[in-house]
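Here is a short walk through a structure. Keep the sequence and the model side by side as you read.

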Amino acid sequence: MTTSALTQQRLKEAILASVGAAINKGELNGEMPGFTIEIPADRTHGDLATNAAMVSARAFRLAPRKIAEIICENIDLTGTNISRTEIAGPGFINFFYDKSFYADVLNEIKTKGDSYGRSDMGQGKRVLVEFVSANPTGPMHVGNARGGALGDSLSSVLEWAGFDVSREFYINDAGNQIEKFATSLEIRYMQLFCDGYEMPEDSYHGQDIIDHAKNFADKYGDSLVNESSDKRRKALVDFALPQNIEGLERDLKKYRIVYDNWFRESSLHKSGEVKKVVDLLTEKGHTYESEGAVWFRATEFGADKDFVLVRSNGLPTYVVPDIAYHYNKLAVRGFDKAIDIFGADHHGYVPRLKAALTALGVDADKLDVVLMQMVRLVRNGETIKVSKRSGKAITLVTLLDEIPIDAARFFFNTREANSHFEFDLDLAIEQSSKNPVYYVQYAHARICNILKNLESEGVEIQNCTTQDLYRLSTDEEIELIDKLALFTEETEAAARDYDPSRITRYVTEVATLFHKFYNACRVKSEDTQLMQARIALCLAVRTVIKNVLDMFKITAPEQM
RNA sequence: CUGUCCGUAGCACAGCCGGAUAAUGCAUCAGACUCCGACUCUGAAGAUCGAGGGUUCGAAUCCCUCCGGGCAGGCCA
């Protein structure tokens with residue numbers, strides 16, 4: 001348990017004991033209801049505060065401030081890291097840390113080192129995080145860049161919080177998208193040799209399709225022109241698709257994303273799992289036929305509308321392989337939790353997927369979907385329209401050519417998933433300190449530099465005693481340690497909320513407090529004891545920053 | 001029309017399972033290096049938390065209505 005959590009737990013016990021004592025003495029009559037201990041926003045209101053006296057006013061039939069007085073008179077704070085209490089406002093009881101708290105925090109960080117911030121909250125539960133899953137029919141776009149940074153970082157956050165995480169990419173290598181891909185390739189190929197081939201409105205118009213057709217022609221010439229359309233399409237897809245999938249893997253790897261598994265939709269067709277979904281639902285009586293199509297009674301399982309599983313032409317709709325895929329994750333492979341990172345445009349589809357899983361006897365609560373709002377690209381203060389059809393969208397690759405990986409991975413995690421992201425290209429390309437990642441990295445480099453300078457002057461880093469650490473007492477030092485103390489709780493909260501942006505905000509605050517400390521306090525000093533204590537503080541800050549940057553797979557430079 | 005997410009300072013955004021003076025960055029203005037790296041720091045100014053009602057000791061936070069915006073709702077994915 002962390003110093004911070006332990007302190008709060010012991011305080012809670014002390015408050016309960018105090019109330020118990022007061023009841024025994026007859027000072028209070030009634031039953032103590034639940035209360036909370038929290039960290040006040042305004043720290044002049046103490047380091048911790050409780051609403052115990054206010055929530056119990058009704059039960060004890062006394063004014064909150066009177067109850068607060070009784071609690072404070074009876075409380076025994078021995079061994080709690082709390083040195084004094086104060087009654088304030090409508091009846092809050094405020095508590096102030098003893099200096100032993102701060103020394104405990106620094107000792108904890110030193111002991112735990114690169115595992116400081118980790119938690120066993122997840123108890124080793126197996127979690128599958130699926131993210132990006134871009135269509136292999138073309139290049140990835142900026143939305144995938146956000147999804148990638150979010151999904152990969154969320155996976156890391158969950159690992160730090162004690163979950164057993166698998167990262168997975170779902171390849172849509174079957175179905176309509178592939179048919180469209182084949183059509184596009186075929187037409188581009190034929191255009192190289194014959195007139196009279198026009199690209200349909202709903203085909204892929206990107207340059208990548210033209211390039212594939214050309215590359216094929218360069219290698220195999222016009223050998224396909226006189227073949228049947230079926231053969232031609234298959235040959236072109238067999239040629240282009242593997243290249244695209246390799247490209248996805250390569251580009252994502254460059255983005256520092258490495259998956260545990262690439263799952264192919266086609267495997268679900270081959271294994272019969274897609275067909276099995278329809279069969280199972282039909283066996284259980286959850287389907288009906290209408291207008292030649294097979295419908296699923298989704299409304300009976302909480303969805304807003306029934307939907308089609310098998311079209312009147314006999315082909316399954318896109319949902320069926322998706323259902324089979326999620327059934328596979330939870331029922332076949334037995335993950336305790338499946339987390340999907342989806343674009344917000346898929347939000348209406350989540351209840352349907354869950355309805356189908358429920359109908360199949362799977363606990364739909366095991367599926368959590370993180371909806372990610374669109375990225376709005378802004379250049380020169382104007383929104384860039386992203387048109388997929390024209391193929392003019394900014395791709396992940398061009399984005400990463402323009403901005404550093406560190407910046408992209410951090411930047412995309414500065415905002416919670418379910419809020420629109422305004423991505424200012426000028427700003428990102430500028431690589432200025434406006435991008436918070438530089439601010440955080442600078443703090444890290446600065447600490448390394450201080451230590452290097454001290455070392456070159458012959459200063460040896462010593463083990464600080466608790467007495468040494470008590471020398472840390474300025475506001476800047478105390479606030480900084482206070483912030484460092486909360487890292488583990490932040491990790492847990494970020495995991496609980498599926499929100500890595502909590503951590504990037506947190507580490508930015510750590511960097512801010514460090515820079516403030518740096519400006520206010522000199523580490524180098526004639527006073528050896530104080531200097532050693534400040535070195536210990538610097539080391540603790542460096543550990544926290546390094547751990548966060550490692551978590552996000554961002555470099556922690558020793559100089560910049 | 002129905003569902004869903006959002007609306008907080010000039011801009012971009014925290015805070016949202018109710019708590020004390022609504023936090024931060026950019027931009028603006030005024031300051032700080034003969035001193036461990038100024039990619040930094042200090043200070044000022046800037047918000048009737050979209051509007052109205054309700055719930056209660058207390059609402060940016062919970063409930064209802066309305067206004068404004070994004071996205072869905074098709075045998076497309």
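Two strands pair if DSSP finds at least two bridges between them. Helices (H or I, at least four residues) and strands (E, at least two) are DSSP runs, numbered from the N terminus. In β4, Ile82 has Tyr97 as its bridge partner. Strand β3 (residues 82-88) and β4 run antiparallel, joined by 6 bridges. Their hairpin has 3 residues between the strands, and Gly89 takes a positive phi near 55 degrees there.

The model is predicted: local features need pLDDT of at least 70, side-chain atom pairs count only at pLDDT 80 or more, and totals for chains, interfaces and linings use all residues. Residues are numbered from 1 along each chain as its sequence is written, while chains are lettered from A and ligands numbered from 1 in the order in which they are written.

Now step back to the whole chain. Chain A holds 22 helices and 15 strands. Its C-alpha trace spans about 95 × 65 × 40 Å along the principal axes. Of its 560 residues, 42% count as buried (20 or more other C-beta atoms within 10 Å of the residue's own, C-beta atoms being placed from the backbone).

Next comes the RNA. A residue is near the strand if its C-beta atom, placed from the backbone, lies within 6 Å of it. Around RNA strand B there are 64 residues, and Ala49, Glu291, Arg311, Gly348 and Asn449 come nearest. Which element gives the largest share of this surface? That is α17, with 8 residues. Elements that each supply at least two residues include β4 (92-97), α7 (176-191) and α21 (501-520).

Key: Buried ≥ 20, exposed ≤ 12 C-beta atoms within 10 Å, placed from the backbone.
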